Amino acid sequence: MKKIISLLTAGVISFSMTACGKKSDDSDKIKIAYLPITHSLAVLETADELEQQTGLKVELVKYGSWPELMDALNTGRVDGASVLIELAMKSKEQGIGIKAVALGHKNGNVIITSKDISSTEELAGKTFAIPHRQSSHNILLNDVLASAGLTTDDVNITELAPTEMPSALAGGQIDGYCVAEPFGAKAVSLDAGKVLFKSEELWEDSLCCGLVLTDKFINNRKEDAKYFVDSYKNAGKNLTKEKAMETAKKYLNQDEDVLELSLQWISYDDLDITEENYNILIDKVKTYGLSDNPPSYTDFVKTDFE
Ligand code: ZN
């Protein structure tokens with residue numbers, strides 16, 4: 001009986017959407033988790049646009065760290081998240097029902113070092129911070145070290161919260177870091193560090209964050225999932241530097257000069273996850289020991305929304 005009622009309700013909702021293009025109640029909000037970083041700007045922008053265009057409400061749920069955000073995603077407290085793709089792959093590997101439906105952004109990461117380091121070789125013996133082992137920041141560190149014939153055995157790696165990294169570099173506790181933006185730009189703005197490499201110099205078409213949705217949401221709310229993903233990709237295409245700045249100022253609580261610099265490094269057009277680029281990520285994840293058994297493209301990436 002319950003099933004019949006929910007089917008009927010779903011019918012009424014989709015009928016009312018077709019009839020007037022607007023949803024009247026907000027009991028069907030889409031709950032999306034995010035961290036206040038430039039890497040999540042496409043989803044923040046989508047939330048505003050989607051409501052204006054379709055009446056579909058996105059409830060943005062802000063988290064302070066990746067583990068907290070992953071806990072919400074893994075336990076189904078949210079319908080989706082803008083999240084480090086490696087963390088989502090790890091959850092999928094452990095049996096959590098989620099799919100990656102788009103990229104969070106393109107490029108937009110930098111290797112930051114103290115100003116006295118002028119070459120990769122000089123990183124040997126130094127302390128380098130990453131936000132999490134399961135991250136493209138860890139992969140980029142491995143990439144930069146490999147470019148100089150070094151490995152992670154040659155540096156001391158420490159995991160730090162993104163917000164702590166600029167001050168740790170300024171205070172000399174660490175010698176470099178790689179993390180989601182704008183925390184790289186923050187060190188440059190504080191004159192505490194410099195950009196040794198941009199991500200695209202180390203890994204072309206790198207993947208970093210992804211928009212991830214739960215299978216439950218995708219299967220139970222097919223039409224909403226399609227609207228949401230289409231709208232998300234469009235929002236990315238329309239996210240000019242000016243718009244990105246506007247959205248960043250609204251959600252990120254960072255100085256304008258930090259955002260100005262950081263937004264020069266990132267783009268949001270064409271957020272499709274291609275099989276070719278995903279397979280390069282899989283190779284890196286295996287080579288650098290993040291995971292032995294990452295999910296395949298077919299199992300993890302969803303591109304067909306009808
Ligand atoms: Zn990212």
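Buried means under 20% relative accessible area, exposed over 50%, and partly exposed in between (1.4 Å probe, protein chains only).

This is a predicted model, in which local features need pLDDT of at least 70 and side-chain atom pairs count only at pLDDT 80 or more, while totals for chains, interfaces and linings use all residues. Residues are numbered from 1 along each chain as its sequence is written, and side-chain values use heavy atoms, with hydrogens and water left out.

Begin by colouring the chain by pLDDT, the predictor's confidence in each residue, from 0 to 100. The protein chain averages 91, and 91% of the residues score at least 70.

Next, select D230 and K226, whose side chains form a salt bridge with N and O 2.9 Å apart. A salt bridge is a side-chain nitrogen of Lys or Arg within 4 Å of a carboxyl oxygen of Asp or Glu. The two residues are separated by about one helical turn, because they lie four residues apart in helix α10 (residues 222-237); helices are DSSP runs of H or I with at least four residues, strands are runs of E with at least two, and both are numbered from the N terminus. D230 is partly exposed at 35% relative accessibility, and K226 is partly exposed at 29%. Elsewhere, salt bridges that share partners join E45, E49 and K243 into one network.

Then move to K106 and D270, which meet in a salt bridge of 3.9 Å, N to O. This pair links distant parts of the chain, 164 residues apart: K106 belongs to strand β5 (residues 106-107), and D270 to the loop between β12 (266-267) and α13 (275-287).

Finally, select R77 and D71, whose closest N and O atoms are 3.4 Å apart in a salt bridge.
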